[in-house]
Amino acid sequence: MELHEFLGISSPIEIVDIGASLAEEPIYKNILTEGYGRVTGFEPNPAEIEKLNAQKKDYETYLPYFIGTGLDATFYETNWALTGSLFEPNEKLLNKFSNLGEATTLVQKHSVQTHRLNNVSEITDIDLLKMDIQGSELNALRNGTEKLRHALVVQVEVEFVELYKGQPLFADVDIFLRHHGFQFHTFSGFGMRSFKPIVVDGNANVGLRQSIWSDAIYVRDWMDLSQVADEKLKKYAFIMHSCYGSYDLAHLVLSHLDTTVGSDYAPRYLAMITAGER
């Protein structure tokens, strides 16, 4: 039995994707293609949002907003669309690594208007929030606390070194999200580069030991699920199972739901995954 049907989830999984480029397949793709969710994405780059709108389905909405503080800002356009930022590229640091400065070369500056996530009327709820906006993630989060209040999972790109001048780093994002009711869960991949002039196996995009960025996955605090609605708990378990393969956390969440409403989802789910029906 499909887990979604098994849990009886009655409303769509609400996904918000800030930095919704088609450069890579989103972690939530199967949720959409199976008809279980809908996504509101933000992509201010004209060429990228044109691509998104050209292939979008009924369950997709894309908006050309810079998500941030709600104030006027400077956008630093670079020679590769995916490395443009509301923070200035840190050329001195970038050029210490193979193929970072070369892919983050400043082309032009633009004055832009940013939007506070709290003020985006198209978003009424968030279950899964994914963010990849080149150092501006914390500003977006700080100005989205009302929308974040009922979110279950946050997947946020974080940096461990200052790729952009003055940008918040992983520790800053971590402190903020922990303060707002989330637990760190895991990292999804690491961006690594070697210090020049070392090139590993002829590939300038391969590193040795220096971790530079990653996607950090945060989840609603599993030590205090009492404030999470029953439908949201089902969605929480479904997202962890379907997107991240975190079957143990999905089971933990369902165990709490069982305790609350007297259901038997957790033992049935455990039987299902141990039988190989993942």
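Is Arg178 buried or partly exposed? At 41% relative accessibility, Arg178 counts as partly exposed. Keep in mind that this is a predicted model. The side chain of Arg178 meets that of Asp174 in a salt bridge, 3.0 Å from N to O. Both residues sit in helix α7 (residues 170-179), four residues apart, or about one turn of the helix. Asp174, for its part, counts as buried at 14% relative accessibility.

A search of the whole structure turns up 12 salt bridges. One of them joins Asp17 and Lys130, with the closest N and O atoms 3.0 Å apart. Asp17 belongs to strand β1 and Lys130 to strand β7 (residues 128-131), so this pair ties together parts that are 113 residues apart in sequence. Asp17 is buried, with a relative accessible area of 2%, and Lys130 is buried too, at 13%.

Then there's Lys232, which forms a salt bridge with Asp127; here the closest N and O atoms are 2.7 Å apart. Lys232 lies in helix α8 and Asp127 in the loop between β6 (106-115) and β7, so the pair ties together parts that are 105 residues apart in sequence. Lys232 is buried, with a relative accessible area of 12%, and Asp127 counts as buried at 0% relative accessibility. Both also belong to a network of salt bridges that links Asp125, Asp127, Lys232 and Lys235.

| Salt bridge | N to O distance |
|---|---|
| Asp17 and Lys130 | 3.0 Å |
| Lys232 and Asp127 | 2.7 Å |
| Arg178 and Asp174 | 3.0 Å |

**Strand β2 and its neighbours**

Now for the strands. Five of the six residues of β2 (residues 37-42) are buried, so this strand is largely enclosed by the rest of the structure. On one side, β1 (residues 13-18) pairs with β2 in the parallel sense over six bridges, and Gly37 in β2 is the bridge partner of Ile13. β2 also pairs with strand β3 (residues 60-63), again in the parallel sense, over four bridges. In that pairing, Phe42 stands opposite Leu63 in β3. To get from β2 to β3, the chain passes through helix α3 (residues 46-55), and this β-α-β crossover is right-handed.

Trp222 lies in the loop between β10 (211-220) and α8 (230-244), and at 32% relative accessibility Trp222 counts as partly exposed.

Conventions. Residues numbered from 1 in each chain as written. Predicted model: local features only at pLDDT ≥ 70, side-chain atom pairs only at ≥ 80, totals over all residues. Heavy atoms only, no water. Buried < 20%, exposed > 50% of the residue type's maximum accessible area, 1.4 Å probe, protein only. Helix = DSSP H or I, 4+ residues; strand = E, 2+ residues; numbered from the N terminus. Pairing = 2+ DSSP bridges. Right-handed = clockwise from strand over helix to strand, strands pointing away. Salt bridge = Lys/Arg side-chain N within 4 Å of Asp/Glu carboxyl O.
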